[in-house]
Amino acid sequence: MQLGSKLEDSQITTFLQESEGKWYSERRYYALPNGKIKDVKKIVSMRFLEQGSAELIDLAKLHELPEEATIRCGSYVEWSNIDLDTGDEGSKRWTVLGTLGTTMYFGRNFPVPRLVIAQYYFRDPKTIYLWTEENGSLFEEELKLIGKNYRTRQTVISRAGHQQMIAQYMEKLIQ
């Protein structure tokens, strides 16, 4: 268990508060071995969660954290795909994420067998870098807030030291 400094707690709290809202997300996935490209559009809604919220208490229990390991803050995140032909929203998915020190815990709404835990640090107050390993793959992600209405994300997925996919996101705050 890592305990964060007051600076880390302050930075992640501010970052997640500034990420709150409804985002229109344009995503492009590059499969490096075969060169395939896939474009996806999503609507992503984020709601800031304060320490002690029911969602964060449940998340701590799900990860079997000791009682003294209080998750500092987090977000409830909900997203749905948009059909590029019709503009209709697809099925909705959601998760809860919470932070303790420089560790980010995620709820169960990912298509992986284990709970997801990521490590993070700030490159600057508006740019967070996360990394996690899952099933032999390394996921490295950078999220950058640009002003109040935009953010970018880039994810690199590697396996056995070889990059498999790059995902790039451009997101605009719409509410």
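Predicted model: local features only at pLDDT ≥ 70, side-chain atom pairs only at ≥ 80, totals over all residues.

Modeller: Because its relative accessibility is 33%, Y150 counts as partly exposed. Y150 belongs to strand β9, which covers residues 150-159. Together with I146 and M170, Y150 forms a nonpolar patch on the surface, whose accessible area comes to about 240 Å².

The helix to examine is α2, residues 54-62, in which L56, L59 and A60 are buried. These residues lie on the same side of α2, because the arc they cover around the axis is only 100 degrees. In an α-helix there are 3.6 residues a turn, so residues three or four places apart point the same way. The face turned away from the buried side of α2 carries A54 and K61, which are exposed. Cover for the buried residues of α2 comes from elements including β2, β3, β4 (89-100) and β5. Just after α2, E64 adopts a positive phi of about 55 degrees.

The largest nonpolar core has 21 residues, of which I12, M104, Y120, I128 and L130 touch the most other members. Elements that each supply at least two residues of this core include α1 (6-18), β2 (37-50), β3 (73-82) and β5 (103-106). A second, separate core consists of ten residues, among them L59, L65, I71 and V96. Neighbours within four places in sequence aside, the contacts of M104 include I12, L97, V116, Y120, I128 and L130.

Definitions and conventions. Residues numbered from 1 in each chain as written. Heavy atoms only, no water. Patch = residues over 30% accessible without salt bridge, like charges linked within 9 Å, V, L, I, M, F, W, Y side chains within 5 Å. Areas by Shrake-Rupley, 256 points an atom, 1.4 Å probe, with all protein chains shown as cover. Salt bridge = Lys/Arg side-chain N within 4 Å of Asp/Glu carboxyl O. Helix = DSSP H or I, 4+ residues; strand = E, 2+ residues; numbered from the N terminus. Buried < 20%, exposed > 50% of the residue type's maximum accessible area, 1.4 Å probe, protein only. Core = buried A, V, L, I, M, F, W, Y, C linked by side-chain atoms within 4.5 Å. Contact = heavy atoms within 4.5 Å. Arc of directions from axis to C-beta.
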